[in-house]
Amino acid sequence: MSLPSILSERLRLPVVAAPLFIISNPDLVIAQCKAGIVGSFPALNARPAEELDRWLEKITTELAQYDAENPDAPSAPFAVNQIVHSSNDRLQHDVEMCVKWKVPIVITSLGAKEFVNEAIHSYGGIVLHDIINNTFAKKAVAKGADGLIAVAAGAGGHAGALSPFALVQEIREWFDGPLLLSGSIANGDAVLASQAMGADLAYIGSAFIATDEANAVQAYKQSIVDNNADDIVLSNLFTGVSGNYLKPSIEAAGLDPANLPTSDASKMSFGSGGESESKAWKDIWGCGQGIGAVKSVQTTGALVDRLTAEYTAAKSRLV
């Protein structure tokens, strides 16, 4: 099955930038789209709820102006991430804002609800749902998701436990729609590898933390540069869902990364505050295992340039 035009015609590189909690903001999204990849942000990053309307107006307006000035190289589309969890008391409002601004792509997480898919489909948008296993993938498609984001082992934030080879292979046995792969992708070689194993696009998050436009403290950005896969710890303590985090930030909080207690996932809660409210560990830094490829803090445009050059070089080696 060919990709829908929204995921193919205006992309310089087959990449969707993952929505990063707290970190993704309009400036980062706009820079990502101008650089030629899908930019995204979690709806809950816009706080209070009324701010989401302003964010969507800013992104839509600035990208439309850019496209008018660059008709031969228009921006890539953008996406909004909706946490489809029963305790997210903003979901209805945030979906209505996406409909108002006709957000091209909506990424749903932590559950799948048909009313969200129907709302986005009402104006021609598409829905991508992130999953960590084949069972959840089938449920998402059954409820109307247009595409899937396979979150494999090594991904930043809420990570899966399966090998990307196993996860993509099993999904492709029955699903021929848009498939994205997430997990330790931080260079152009990995982008090409994700396509080689059966995904259509790569889903990249942690590398964008170390960019000028990202809403992260400088120490967080530098920690991405200074550390590597050995410095990533998997734990469910901080949100109730298993995720990968930078070891130095855990140590700075006075915790032993090798002996972290577990959290009760049933108490996970997402409200208007925009974060899992069981514990507000704002100085615990989420990060995936692929950060060894990140060598400096740079602009988003420069990062996409690097990824593109590496992707092109990787393809040429295979000819």
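Residues are numbered from 1 along each chain as its sequence is written, and side-chain values use heavy atoms, with hydrogens and water left out. Because the model is predicted, local features need pLDDT of at least 70 and side-chain atom pairs count only at pLDDT 80 or more, while totals for chains, interfaces and linings use all residues.

We begin with helix α6, residues 164-172, whose buried residues (under 20% relative accessible area, with a 1.4 Å probe and protein chains only) are Leu167, Val168 and Ile171. Seen down the axis of α6, these buried residues fall within an arc of 90°, so they line one face of the helix. They pack against β5 (126-131), α5 (134-142), β6 (147-151) and β8 (179-182), where contact means heavy atoms within 4.5 Å. At the start of α6, a side-chain oxygen of Ser163 comes to within 3.1 Å of the backbone nitrogen of Phe165.

Two packed helices are described by the angle between their axes and the distance between the axes. Helix α2 (residues 51-69) packs with helix α3 (residues 91-100) at an angle of about 25°, and their axes are 10 Å apart. That makes α2 roughly parallel to α3, a term for angles under 35 degrees. Leu52, Asp53 and Leu56 of α2 make the contact with Asp94, Met97, Cys98 and Lys100 of α3.

Finally, Asn81 lies in strand β3, residues 78-83, and counts as buried because its relative accessibility is 6%. The side chain of Asn81 reaches the backbone oxygen of Ile107 at 2.8 Å.

How values were computed
Buried < 20%, exposed > 50% of the residue type's maximum accessible area, 1.4 Å probe, protein only. Helix = DSSP H or I, 4+ residues; strand = E, 2+ residues; numbered from the N terminus. Arc of directions from axis to C-beta. Polar contact = N/O pair within 3.5 Å; in protein donor to acceptor, adjacent residues only side chain to side chain. Axes fitted to C-alpha atoms, helices over the stretch in contact; angles between N-to-C directions. Parallel < 35°, antiparallel > 145°, perpendicular 65-115°, else oblique.
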